Amino acid sequence: MTGLPGGGKTFLGILLVAAFFVPLSNTFLPESSPFYVPTYLVSLMGKYVCFALLALSVDLIWGFAGILSLGHGAFFALGGYAMGMYLMRQIGDRGVYGNPLLPDFMVFLNWTELPWYWFGFDIFPFAMLMVILVPGLLAFIFGWFAFRSRVTGVYLSIITQAMTYALLLAFFRNDMGFGGNNGLTDFKDLLGFDLQATGTRLGLFVASLIALALGYLVCCFITQSKLGRVLIAIRDAESRTRFSGYRVEYYKLFVFVVSAILAGIAGALYVPQVGIINPSEFSPANSIEVVIWVAVGGRGTLWGAVLGAFLVNWGKSYFTGSFPDAWLYFLGGLFVFTTLFLPKGIVGTAAVWIEKFKNKQQGSSPMQAPVPVKEEQ
């Protein structure tokens with residue numbers, strides 16, 4: 001905690017207040033109270049918190065290592081599918097077709113037995129292990145070949161986008177065994193708790209806040225350490241860092257895998273709160289939108305990425321309701337405005353302005369008269 005960057009303690013304090021205030025407000029305050037938080041808003045904020053963790057994972061690699069990934073939605077979706085497979089196995093014979101072993105979409109497609117890669121997903125610890133292992137393993141394999149081949153810049157961005165698009169096409173296929181175009185849905189409960197119950201939604205919201213806080217601390221630990229200084233050196237001058245004797249590909253691979261795991265955890269928390277996971281989450285447009293969140297909030301600031309995720313998604317929710325035909329223009333205009341007038345994002349630009357104001361105040365303060373020095377006789 002003592003090594004947190006500027007605003008870090010305030011950010012964690014806000015998360016702590018939200019973790020206590022929202023459940024208490026929803027449970028104990030009457031609906032007529034101005035401080036009452038309705039259940040639908042709890043689920044909406046829980047979704048925003050998951051998006052904030054996803055934005056944090058992108059800022060870790062883009063803001064501090066210079067790795068612009070346009071395919072991080074793939075890791076988010078893989079974590080979501082791992083959680084969705086567990087939730088589907090928990091339905092049992094309560095599905096439409098009443099099959100205790102096969103999910104409804106498999107019965108509809110005339111599957112006769114459960115695929116081998118679905119085994120173990122009826123066990124919660126195994127499913128949570130897959131939430132971490134599957135995105136992390138994909139990131140490791142992808143990063144191993146990409147970084148050892150010294151693929152950087154726009155070329156790396158393009159192949160990350162190609163990766164998520166390939167997964168999008170694969171998961172659309174019915175014979176893949178993941179629900180095809182419809183994906184996984186109709187979830188009933190999680191660890192025996194009804195997903196439609198208010199208490200479960202509050203629990204998922206608090207769990208999402210805890211995951212965001214822990215993810216933020218992990219990112220701070222990495223960026224404030226010697227490893228973080230090497231990552232910044234790689235971002236600013238990769239060739240010089242390599243010539244200084246550092247194995248650049250190992251540093252980039254490590255932080256890329258950590259970022260993918262954070263994105264997978266965000267996806268796993270997202271699915272039970274929205275009630276569905278389908279191949280559209282692999283869409284390259286979703287990954288590009290995450291980059292917009294980070295750019296708006298402030299690249300390389302960590303909690304600025306979180307702020308950008310909340311602001312852009314809140315704006316999307318507002319504009320899609322008030323201006324359904326024009327909200328995409330608002331989103332594009334916001335990104336153009338940020339690029340032209342706030343190149344460092346909201347948090348980064350605010351920090352620059354504050355620093356200039358402090359320097360101006362110090363420069364305008366009256367100078368003290370020099371103390372006369374008594375000459376020696």
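User: Which residues of helix 6 are buried?

Analyst: This is a predicted model, in which local features need pLDDT of at least 70, side-chain atom pairs count only at pLDDT 80 or more, and totals for chains, interfaces and linings use all residues. Residues are numbered from 1 along each chain as its sequence is written, and side-chain values use heavy atoms, with hydrogens and water left out. In helix 6 the buried residues are Leu156, Ser157, Thr160, Met163, Thr164, Leu167, Leu168 and Phe171. Buried means under 20% relative accessible area, exposed means over 50%, and partly exposed lies in between (1.4 Å probe, protein chains only). Helices are DSSP runs of H or I with at least four residues, strands are runs of E with at least two, and both are numbered from the N terminus.

User: What is the span of helix 6, and what span is expected?

Analyst: Helix 6 (residues 153-172) has 20 residues and reaches 30 Å from its first C-alpha to its last, close to the expected 28 Å. The expected span is 1.5 Å times one less than the number of residues.

User: Why is helix 11 described as largely enclosed by the rest of the structure?

Analyst: Of its 14 residues, 11 are buried, and helix 11 is therefore largely enclosed by the rest of the structure. Among them are Pro284, Glu289, Trp293 and Gly297. Gly298, with a positive phi near 135°, follows helix 11.

User: What makes Asp189 and Arg94 a salt bridge?

Analyst: A salt bridge requires a side-chain nitrogen of Lys or Arg within 4 Å of a carboxyl oxygen of Asp or Glu. The closest N and O atoms of Asp189 and Arg94 are 2.9 Å apart, and the pair forms a salt bridge. It links distant parts of the chain, with Asp189 in strand 2 (residues 189-190) and Arg94 in the loop between helix 3 and helix 4 (104-108), 95 residues apart. Side chains of opposite charge can pair when their charged atoms come close.

User: Why is Asp189 called buried, and why is Arg94 called partly exposed?

Analyst: Asp189 has 11% relative accessibility and therefore counts as buried. Arg94 has 42%, so it counts as partly exposed.

User: Which other salt bridges can be named?

Analyst: Lys188 forms one with Asp186, the closest N and O atoms being 3.4 Å apart. Lys188 counts as partly exposed because its relative accessibility is 25%, and Asp186 likewise counts as partly exposed, at 35%. Arg242 forms another with Glu249, at 3.2 Å between the closest N and O atoms, and both Arg242 and Glu249 are buried. A network of salt bridges links Glu238, Arg242, Arg247, Glu249 and Lys252. The structure holds 10 salt bridges.

User: How do you know whether Ser57 is buried or exposed?

Analyst: Ser57 has a relative accessible area of 0% and is therefore buried. Ser57 lies in helix 2 (residues 39-65). Contact means heavy atoms within 4.5 Å. Leaving aside neighbours within four places in sequence, Ser57 is in contact with His72, Ser259, Leu262 and Ala263.

User: Why is Thr241 called buried?

Analyst: The relative accessibility of Thr241 is 6%, so Thr241 counts as buried. Thr241 is in helix 9 (residues 238-243). Not counting residues up to four places away in sequence, Thr241 touches Val230, Ala233, Ile234, Tyr246 and Val248.
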